[in-house]
Amino acid sequence: MKKEKIFTLLIALGFGISPSFAQVQQIISIQSPEKGTKVDIGLFSKKEIRYRMSKNGKEILGWSALGLQIDSKEAASEVSITGTSGSSHREDIINLLGENRIISNNYNERRINLKSQGYSSSILFRVFDGSLAIRYIIPRQKKKKEITILRENTGFHLNNQYLIYQYHQESVFKPLPVDSLKGSSDLPSTLAAKDSYLSIGEAENTGYTKAELTHGIAPGSLQVSFEKDSQVRAALPFQSPWRTISVSENAIGLHHFSELPFKLSGAPSSHRPDKPIAGKLMRAQLNTQSALDCIDLAEKMDFRYIMFDAGWYGPERSKSSDPRIPIADIDMEKVINYGRQHQVGLILYVNYIGLQAHLDEILPLYKKWGVKGIKFGFIDGLSQKGLQWLSSAIKKVNDKGLVLNIHDNYKPTGLSRTYPFLLTQEGIRGDENCPDAFHTTVLPFTRFLAGAADFTFCFPNPKDQFHKNLKVSKAQQLALTVINFSPLQSIFWYGRPKDYTNWDEIEFFRKVPTVWDRTIYLQGEIGKSISVARKSGNSWFIGSAAGENDWKDTMVMDFLDANKAYTATIWEDAGDQKLSKKTIIVKRGYQMPFMIRAAGGIAIEITLN
């Protein structure tokens with residue numbers, strides 16, 4: 001068979017070598033609403049399109065590659081710009097399931113229309129204050145209904161000496177110089193330099209492939225890479241996921257961009273919650289009595305859900321196990337009815353094998369039973385085939401009004417805006433995987449920039465300290481429920497309900513919300529420390545955590561309302577694996593010195609007097 005030539009649509013070799021200005025045939029510039037962030041799009045020698053990005057006059061990315069390599073019998077040819085169009089967007093999004101009740105979605109947009117060898121295409125640029133988002137669009141073509149994307153050329157020609165925090169889904173983080181990167185790093189990836197922090201991510205991936213970052217051809221450069229699939233098949237018209245680049249002068253400033261994937265995703269579907277669905281859950285053992293005991297504890301703790309995890313319908317990886325039929329030890333009707341009487345809902349786990357075989361049957365069945373939600377397990381969040389299935393499944397679950405939690409290698413790309421019943425997902429190394437204090441203080445600056453994550457807290461009780469799982473203190477565990485955002489929080493992951501008699505210690509879990517009106521990152525540095533304040537109603541909650549070294553500093557409560565007095569209840573480590581609790585009166589501007597031992601924390605509830 002004759003080997004096909006490769007047609008490069010939007011040709012962009014992008015070797016990272018900054019071309020001289022004379023080579024630029026045309027430059028189109030876009031600025032952010034506040035004018036501080038600027039993006040230039042350049043046409044070079046009529047053969048390639050590149051872009052560069054600056055903030056406050058300082059170049060962040062030099063001329064960087066763009067483009068998709070498309071399989072075609074056509075030979076590569078010159079690219080021409082056939083037209084441009086632009087617009088400005090100003091919007092306040094109300095989000096009742098997020099870190100902030102009001103999300104400002106303000107950007108300037110420019111669409112660059114291109115033509116090459118008879119093919120038409122576009123690149124869409126959205127410039128936010130501190131961020132850039134890029135998307136490829138290929139409309140219907142006269143002679144083609146489908147394309148094969150062999151490679152995405154999107155590159156990032158860095159203009160500084162950065163460390164990249166390399167990781168993969170649920171792995172540990174490995175900070176290393178960009179030029180030392182071997183293999184790939186997951187999105188979003190965080191890069192740190194002396195006076196500059198970058199987050200490179202994606203948004204609205206509904207069935208492309210899971211792309212990652214690899215080292216580019218030139219020194220100090222990165223590029224998008226397909227790690228699971230060798231190619232992507234796409235029906236026309238086609239639009240790619242967004243590629244995003246955000247920049248901050250300090251580490252805590254990166255959090256301003258954690259809602260970017262949400263902003264870039266489509267508007268909510270017609271199926272939206274008509275009552276509160278966020279909350280906390282406890283996992284039951286696989287029998288009726290444990291579930292009833294969990295419901296009793298959930299009622300005391302103001303948890304909204306309990307869950308039957310893997311095994312409730314038999315061995316999860318066996319094709320003979322049927323997620324429509326509970327095992328004999330579980331009286332499902334009794335559990336659901338008891339939960340209904342005590343305002344505690346049930347969430348059921350289903351493995352990918354069962355989901356692929358029975359999803360369309362179990363969704364109406366679970367609604368009929370009175371189940372409130374479903375947890376997907378061991379899905380394929382890496383390949384195009386897996387992500388296409390998952391996108392369809394998310395919509396089906398959302399349309400049925402069931403809460404959804406997706407576990408294992410899937411990470412968010414903003415789809416919870418379109419499908420608000422998608423409350424959380426894993427794609428994180430949580431407590432069940434024994435993370436250390438370095439890991440817990442890296443996560444807020446990395447994985448949590450993509451969205452919510454289910455951390456599966458393993459808090460100790462008098463009968464089991466979970467030493468195998470926990471490498472941080474009790475107070476840090478409490479603090480992490482504030483630091484780690486998730487509308488659905490899994491608490492007491494390995495615990496048994498009747499073992500939790502340590503009421504003074506677990507009181508904070510009852511009080512802390514899971515969704516917020518306002519969030520502020522107060523202090524912190526990647527892998528060293530983090531302090532986050534979040535507001536719900538008239539109350540504030542603060543979580544502070546130290547990494548592998550002691551942390552001594554002062555917390556300034558300048559976020560409180562003026563001329564009002566508050567009571568702050570403070571949980572701290574007291575040594576010998578114990579917690580202490582005290583209360584003080586605070587006002588706006590109150591300065592609270594603190595000393596947190598390595599792997600320790602402080603959790604604070606602040607209520608209006």
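This is a predicted model: local features need pLDDT of at least 70, side-chain atom pairs count only at pLDDT 80 or more; totals for chains, interfaces and linings use all residues.
1. E249 counts as partly exposed, at 47% relative accessibility. The side chain of E249 meets that of K55 in a salt bridge, with an N to O distance of 3.7 Å. K55 belongs to strand β4 (residues 48-55), while E249 sits in the loop between β24 (242-248) and α1 (260-264), so this pair ties together parts that are 194 residues apart in sequence.

2. Side chains of opposite charge can pair when their charged atoms come close. The points that follow take up R243 and its partners.

3. R243 and E152 meet through their side chains in a salt bridge of 2.9 Å, N to O. R243 is in strand β24 and E152 in strand β13 (residues 146-152), so the contact ties together parts that are 91 residues apart in sequence. Both ends count as buried: R243 has a relative accessibility of 1%, and E152 has 2%.

4. R243 also forms a salt bridge with E202, where the closest N and O atoms are 2.8 Å apart. This pair again links distant parts of the chain, with R243 in strand β24 and E202 in strand β19, 41 residues apart. E202 is buried too, as its relative accessible area is 6%. Through shared partners, salt bridges join E152, E202, R243 and K411 into one network.

5. E202 deserves a separate remark. The strand that holds E202, β19, covers residues 197-203. The C-alpha atom of E202 is separated by 6.8 Å from that of P261, although the two residues are 59 residues apart along the chain.

6. Which residues form a positive surface patch? K275, R340, K367, K372 and K400 do. Of these, K372 is found in the loop between α4 (352-369) and β28 (373-377). K372 is partly exposed, with a relative accessible area of 41%. That value exceeds the 30% that patch residues must pass, and patch residues also have no salt bridge.

7. On the overall fold, the protein chain contains 9 helices and 39 strands. Along its principal axes, the C-alpha trace spans about 70 × 60 × 40 Å. How does the radius of gyration compare with that of a compact globule? For 609 residues, such a globule would have a radius of gyration near 25 Å, and the protein chain has 25 Å, which agrees. Buried residues make up 61% of the 609 residues.

8. In summary, two features may be set side by side. One is the network that salt bridges with shared partners build from E152, E202, R243 and K411; within it, R243 is buried at 1% relative accessibility. The other is the positive surface patch, which includes K372, a residue that is partly exposed at 41%.

Conventions:
Residues are numbered from 1 along each chain as its sequence is written. Side-chain values use heavy atoms; hydrogens and water are left out. Patches are made of residues with over 30% relative accessible area and no salt bridge: like charges are joined within 9 Å, nonpolar side chains (Val, Leu, Ile, Met, Phe, Trp, Tyr) within 5 Å. Accessible areas come from the Shrake-Rupley method with a 1.4 Å probe; for residues, only the protein chains shown count as cover. A salt bridge is a side-chain nitrogen of Lys or Arg within 4 Å of a carboxyl oxygen of Asp or Glu. Lys and Arg count as positive and Asp and Glu as negative; His and the chain ends are not counted. The place of a charge is taken as NZ of Lys, CZ of Arg, CG of Asp or CD of Glu. Helices (H or I, at least four residues) and strands (E, at least two) are DSSP runs, numbered from the N terminus. Buried means under 20% relative accessible area, exposed over 50%, partly exposed in between (1.4 Å probe, protein chains only). The radius of gyration is taken over C-alpha atoms; the globule rule is 2.2 Å times the number of residues to the power 0.38.
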